[in-house]
Amino acid sequence: MAPRKRVQSQSAGTAQALDDNVKERSVAACVAHPTSRKRKRPLEKYDEAETSQVDQAKVKRPRWGRVVGRLAGLMEMPMDILFEIFGHLMPLDVLRLARTTKQFRRLLMHRSSVSIWIAARKNVSDLPDCPPYMSEPQFANLVFDTHCHECLSPNIRSVDWRIGRRICSKCAKECMVEDYSLFVGESVYKAVPSKYGKRGRPSYYSKDLHEFQSKRASFTDPEERDKFVKERQALVFQMEKHGALLEVWAANQAKDRSEQLDDLRRERKEAIIEKLTELGWGFEIEQIPYRDDLSHHRLVKQPTRLTSRIWANIQVEMVRFMEQMKSQRLERERKALVISRKRIAVSILRAYKISHLPLTEVMPEPMDFCAISQVLEILELPTETQVTEDTFAPIVEKMDDLIGEWRTRILGSLVQKVKDSLYSHRPRANCMSETPDSTMMDNTGPSADPTGKGKAKVVEPSIPDDSRIVQDLSLATSVFNCKCCNPRFGIFYGLYDADSGSDTDSTSSEDDFLDSWGFGLGPCRPRSKSNPLFYPKVLGHRCLTKQHGFNWDNPSGDPTKQYDYPMGNRTRWTCNLLQVDEKTGKMAANVVAICGMDPEMTTTVEMDQLNYQLACLECLEWSDEEWDQAEAPVFGWRAAVTHNCRSHAGRTNIGWKLITDELASDVVDVDEEYRAGQAILSAVVLQGLVSDDVYAHPSEEEESWLCAHCLDLPTETECMELSRMKTHLSLTHSILEPQENQDYYKDFEAPQGRRARTPHLKISLTMDRPDHIPAPGEKHIRDRWYLRFSEDELEDDYYGDDFFF
């Protein structure tokens with residue numbers, strides 16, 4: 001004990017000397033830096049009064065000076081008192097204290113000091129006991145010290161409790177190994193502590209694995225080796241069991257810590273709300289929506305108690321935030337007010353439309369109506385102005401003029417669309433070459449060389465004026481198509497817009513999906529376009545005002561945009577989705593010419609009134625009994641253009657035969673027998689002899705009817721058959737005897753652009769049998785299906801309204 005006393009006496013003497021030194025320096029500092037700002041004078045010139053004041057002044061240690069010798073006398077305290085003090089510390093504090101000096105390390109790392117570690121461990125709530133395979137300092141180091149056990153990197157929060165290691169992710173790549181890749185042959189299953197790796201295989205700490213392998217190999221006696229393996233397996237079982245307890249404890253600690261942080265954040269938020277309320281922001285705080293809640297603010301969600309100093313630092317920014325919230329609230333209230341006014345405007349538009357049923361001209365949608373300048377002025381009136389239906393009285397009086405002006409504007413947009421198409425497809429013609437169609441361009445001009453001498457100049461064909469384009473729009477040869485209505489490619493329709501302009505029977509101009517990227521993988525078949533659209537009904541095409549897609553920009557329930565159809569929303573009228581279909585126009589011109597009409601003069605309305613029927617000579621089905629008999633499908637003129645566009649897309653001059661009055665009686669409805677059988681079955685069902693489930697009602701009606709009670713509302717439905725429309729009126733609106741043009745009406749666009757039912761008509765024609773067709777009674781080498789249709793014509797019969805987005 002003598003050396004110990006000597007060390008203590010030396011330490012005490014050193015501490016006393018250091019204290020005296022500090023006192024002397026403090027006195028010198030006080031003398032050298034007096035509180036007054038007068039000129040410094042030498043110390044020896046102070047008078048006796050000043051010297052006495054300095055001696056009597058309380059000497060203080062510099063505030064930020066180095067702490068020297070404060071715990072020097074701690075080791076002189078009795079051990080029982082010292083152990084009692086250390087027992088009130090936390091394990092991490094004891095661990096850090098043991099790493100301060102050699103004296104503390106010698107004391108705390110001695111086996112006799114285990115009671116200190118146990119008492120410190122019990123200060124941690126619910127912490128499992130120290131496992132027998134670890135010492136108390138090792139256990140405290142594993143649980144509480146956040147340094148990596150390999151590279152000593154700080155702040156490592158992940159602990160592998162089952163292997164008793166705290167390893168950072170960088171070291172884990174080198175220290176952790178999987179047995180399947182390195183140690184093949186000798187099984188280490190349950191003999192070395194492991195954890196599950198990324199692939200679900202056991203991952204081992206390399207040092208533990210090498211230690212087990214080397215120690216196991218050192219045993220020459222098999223019994224001793226097996227005994228060693230069993231002992232290690234028992235140890236690993238114990239480690240896994242204790243590791244599971246530690247995992248549960250760590251999870252509970254993380255949960256408790258999270259709750260503590262949440263409590264701190266909640267207290268801070270409440271304190272900030274109290275401060276802001278004192279400044280007069282209480283009402284604005286109540287109006288803040290959840291997405292902008294104060295708890296999401298970076299200065300509010302900090303887990304730190306609010307002090308007067310912190311509030312002084314953040315007050316300006318919090319007030320600025322509240323001013324922003326106020327401006328957003330006023331903006332939301334303004335939008336809500338405008339939306340309420342829009343509902344009144346939509347009701348006025350609905351009443352006007354219903355009063356003009358059946359629709360003979362295109363009508364604006366709610367978005368277009370509210371965008372009219374006169375209507376928009378009322379919607380944008382000041383907030384304090386009350387808007388009612390009476391406010392829209394001037395609008396009601398001028399509805400015809402306003403909607404007429406709107407029709408003029410959209411017609412101008414369509415004319416500009418046609419002009420843009422003409423500009424983009426305008427060929428550069430030589431004056432000596434053949435003159436193109438005079439209806440669309442004129443090549444004559446002063447640049448032409450009438451003598452034919454010299455080099456001819458290249459001239460630009462002129463574009464017709466707007467009045468000529470409007471006149472040509474009514475022709476049956478003016479055809480449009482919609483990009484969205486393409487059933488095969490959906491939004492990728494624009495990638496397949498190339499047109500080689502060939503009118504031959506070959507299909508070389510037919511593009512497909514994959515060949516547009518140059519891979520040569522696509523099948524050689526024509527693309528499938530939308531139904532041909534003709535003027536003026538093209539102006540009411542539903543894709544121009546209703547789009548199918550996710551509605552992300554209407555969170556506030558704007559009635560002019562809301563459309564409850566699955567994945568739908570309303571838009572303003574636009575012709576951006578329309579394209580001038582020149583090739584289908586040539587097909588229509590061929591059909592009009594077959595009907596004996598002039599393609600440059602015949603309008604769509606005239607063709608609808610004449611209601612011609614034509615038989616397709618490219619789809620003949622030759623008789624197996626008669627030599628000169630063949631059946632051909634019969635179409636109306638619109639269905640004929642659609643059939644040409646779908647089944648013979650690469651050809652614009654296919655053969656047609658006009659069904660005259662003499663041949664009209666020979667046209668046969670293929671579905672007549674089927675309908676007769678269905679009528680008999682329906683009568684049996686009505687008598688109650690057969691269940692109604694057996695009777696399948698065929699859908700032979702045209703999907704062109706809309707509900708007048710849902711017009712321009714978010715619940716507006718798509719076009720449906722008349723039977724379904726009556727069912728809708730009965731179930732939704734409780735109308736048992738609906739009236740046409742009062743409860744339901746026909747869509748303005750019908751029948752084009754919809755899934756109109758085409759009757760299955762055929763006619764038997766007498767004509768010469770081609771040489772390549774087998775004679776009646778001969779065995780067909782090929783199936784009749786392939787004789788009737790080419791590979792390019794094997795297309796789906798459905799044509800219409802599916803969208804692929």
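Colleague: How many cavities of 30 Å³ or more does a search of the whole structure find?

Modeller: The search finds 6. Keep in mind that this is a predicted model.

Colleague: What is the volume of the largest cavity?

Modeller: About 340 Å³.

Colleague: Which residues are closest to its centre?

Modeller: Glu365, Gly540, Lys546, Leu706 and Asp747. They belong to a lining of 27 residues.

Colleague: And how does the lining of the largest cavity split by class?

Modeller: There are 12 nonpolar residues, 11 charged and 4 polar.

Colleague: OK, rings next. What does the count of aromatic pairs come to?

Modeller: The count is 7 aromatic pairs. One of them is Phe86 with Phe104, an edge-to-face pair. The ring centres are 6.1 Å apart, with 65° between the planes.

Colleague: Where in the chain do Phe86 and Phe104 sit?

Modeller: Phe86 is in helix α3, residues 79-86. Phe104 is in helix α5, residues 102-108.

Colleague: Is Phe86 buried or exposed?

Modeller: Phe86 counts as buried, because its relative accessibility is 3% and the cut-off is under 20%. Phe104 is also buried, at 6%.

Colleague: What about Phe219 and Phe228: what kind of aromatic pair do they form?

Modeller: A tilted one. The distance is 5.2 Å centre to centre, and the planes are 35° apart. Phe228 has 6% relative accessibility, so Phe228 counts as buried.

Colleague: Which residues form one aromatic cluster with Phe228?

Modeller: Phe212 and Phe219.

Colleague: Charges over rings, then. Which ring face does Lys537 lie over?

Modeller: The face of Phe748, at 5.0 Å from the ring centre. There is also Arg769, which lies over the face of Trp627. That one is 5.4 Å from the ring centre.

Colleague: Switching topic. Where is Ser203?

Modeller: Ser203 is in strand β3, which covers residues 202-205.

Colleague: Why does Ser203 count as buried?

Modeller: Because its relative accessibility is 5%, and buried means under 20%.

Colleague: Which residues does Ser203 touch, leaving out those up to four places away in sequence?

Modeller: Met176 and Val177, then Pro193, Ser194, Lys195 and Gly197.

Colleague: Great, that covers my list.

Conventions. Residues are numbered from 1 along each chain as its sequence is written. This is a predicted model: local features need pLDDT of at least 70, side-chain atom pairs count only at pLDDT 80 or more; totals for chains, interfaces and linings use all residues. Side-chain values use heavy atoms; hydrogens and water are left out. On a 1 Å grid over the protein atoms alone, a cavity is a set of points where a 1.4 Å probe fits but cannot get out, and a pocket is an open set with protein on both sides within 12 Å along at least five of seven lines; lining residues have an atom within 4 Å of a point. Grid points are joined across faces, edges and corners, and a volume is the space filled by probe spheres set on the points. Ala, Val, Leu, Ile, Met, Phe, Trp, Tyr, Cys and Pro count as nonpolar, Asp, Glu, Lys and Arg as charged, and the others, Gly among them, as polar. Rings of Phe, Tyr and Trp (its six-membered ring) pair if their centres lie within 6.5 Å; planes under 30 degrees apart count as stacked, over 60 as edge-to-face and the rest as tilted. Helices (H or I, at least four residues) and strands (E, at least two) are DSSP runs, numbered from the N terminus. Buried means under 20% relative accessible area, exposed over 50%, partly exposed in between (1.4 Å probe, protein chains only). A charge sits over a ring if NZ of Lys or CZ of Arg is within 6 Å of the ring centre and within 35 degrees of the ring normal. Contact means heavy atoms within 4.5 Å.
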